Amino acid sequence: MTKPRVLVTRRWPEAVEAKMAEVFDLTINRDDRPLGPDDIRAAMADYDAVLPTVTDRLPAPVFDLPKTRTRILANYGVGFAHIDTEAAKSHGIAVTNTPDVLSECTADIAMTLMLMVARRAGEGERELREGRWTGWRPTHLIGTKVSGATLGIIGFGRIGQAMAQRAHHGFGMKILVQNRSKVAPEILARYNAVQVDTVEDLLPQCDFVSLHCPGGAANRHLINARRLDLMKPTAFLINTARGEVVAEHALAQALWFGTIGGAGLDVFEREPLIHPDLKDADNLVMLPHLGSATRETREGMGMRVLQNLRDFFEGREPQDRVA
Ligand code: 8YV
């Protein structure tokens, strides 16, 4: 049997690339820049599978080809709002993602941001590196206590639950949850969590709010100026989900005017561009989309893609099929 032709759109961990090359006729985009939608469209005429990441854009026109060879888009990542899954489906193309393997590391990064911004760790580190530290004093860089505070989690899937695990069992935090569907009582009970109906119900009650919902049109600007206004002026917003979930301009204003206490962001509306008004905010910690960036997780994501492809080409249903 001839090996399926597979295109990887970005460099992956070497161990996974090597494994993939054993099984497939593999092409890797070795350029450090992402492919454009036109390149991906052209590739879909030539490859049996295309393996995109969050830096690729696959809107409906990408699927508009006289003859498509691609039968599966096996996304390297859990979020797949950058792929028009309806268009894929209507062209008979399957889509898979990589859930589970990145939940823990993404929750770890959300905790990192929460601790860093509440305890002013970024400001402190900058002070040290710039030689501005004048020594211990009782009023220096006073932050906010995380342990025992109330955390609101918006989106209670795998990553939201991994966050609740850390925050409740590690830090004794009280957990409030807002989710588009009802969460099973036994799942809430694991974290002694309470589900509220709406984002409006959640925001005013929280000292920290962490976003774990999907991106895409449905959640675009879920956190906007009106909702930022509902947060306590001392509260912190953490986003490790998708940049578009937060209206960045409104957030910059809220940070500047003290509508909220601070924020921690791992994702941005126009990555890798950062809203210019965010750059100078001292009450903001920013990371360059590091959620899943550990050796273990990135390899795990690659192995999950490999398994999805194997299942698909060997006639089984891939376990992570989303369309
Ligand atoms: C991935 C992520 O590294 O999986 C996701 O949805 O946000 C990241 O952690 C990235 O998407 C790679 O595609």
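How many nonpolar, polar and charged residues does the shell around the ligand have? I will come to the answer in a moment, after a word on the model itself. What we have here is a predicted model, in which local features need pLDDT of at least 70 and side-chain atom pairs count only at pLDDT 80 or more, while totals for chains, interfaces and linings use all residues. Residues are numbered from 1 along each chain as its sequence is written.

Now to the ligand. By class, its shell has four nonpolar, six polar and no charged residues, where Ala, Val, Leu, Ile, Met, Phe, Trp, Tyr, Cys and Pro count as nonpolar, Asp, Glu, Lys and Arg as charged, and the others, Gly among them, as polar. The residues surrounding the ligand are Thr53, Val54, Tyr76, Gly77, Val78, Gly79, Leu102, Thr106, Gly291 and Ser292, and a residue is near a molecule if its C-beta atom, placed from the backbone, lies within 6 Å of it.

Let me stay with one of these, Tyr76, which sits in the loop between strand S4 (72–74) and helix H3 (85–90); helices (H or I, at least four residues) and strands (E, at least two) are DSSP runs, numbered from the N terminus. Tyr76 counts as buried because it has 23 C-beta neighbours inside 10 Å, the rule being that 20 or more other C-beta atoms within 10 Å make a residue buried, 12 or fewer exposed, and anything in between partly exposed, with C-beta atoms placed from the backbone. Leaving aside neighbours within four places in sequence, Tyr76 is in contact with residues including Trp12, Thr98 and Met301, contact meaning that the C-beta atoms, placed from the backbone, lie within 7 Å.

Turning to the overall layout, the domain assignment, which is automatic or from a database, gives domain 1 (5–101 + 295–313) and domain 2 (103–286). Their centres, taken over C-alpha atoms, are separated by 31 Å, and the contact takes five residues from domain 1 and seven residues from domain 2.

What does the largest nonpolar core contain? It has 91 residues, and those with the most contacts inside it are Val6, Met114, Ile175 and Phe236; such a core is a set of buried Ala, Val, Leu, Ile, Met, Phe, Trp, Tyr and Cys residues joined through C-beta atoms within 7 Å. Helix H4 (residues 103–118) gives the most to this core, with ten residues, and the core draws at least three residues from each of domain 1 and domain 2. Val6, again apart from its neighbours within four places in sequence, is in contact with, among others, Met20, Phe24, Tyr47 and Leu309.

I will finish with some details of the backbone. Most residues other than glycine have a negative phi, and most peptide bonds are trans. Here, however, a cis peptide bond with omega of about 5° joins Glu271 and Pro272, and Pro272 lies in the loop between strand S11 (262–265) and strand S12 (284–286). Asn192, in the loop between helix H7 (185–190) and strand S8 (194–196), has a positive phi near 50°, and Asn192 is exposed because 12 other C-beta atoms lie within 10 Å. His221 also has a positive phi, of about 55°, and is found in the loop between strand S9 (208–211) and helix H9 (225–230); with 15 other C-beta atoms within 10 Å, His221 is partly exposed.

How values were computed:
Contact = placed C-beta atoms within 7 Å.
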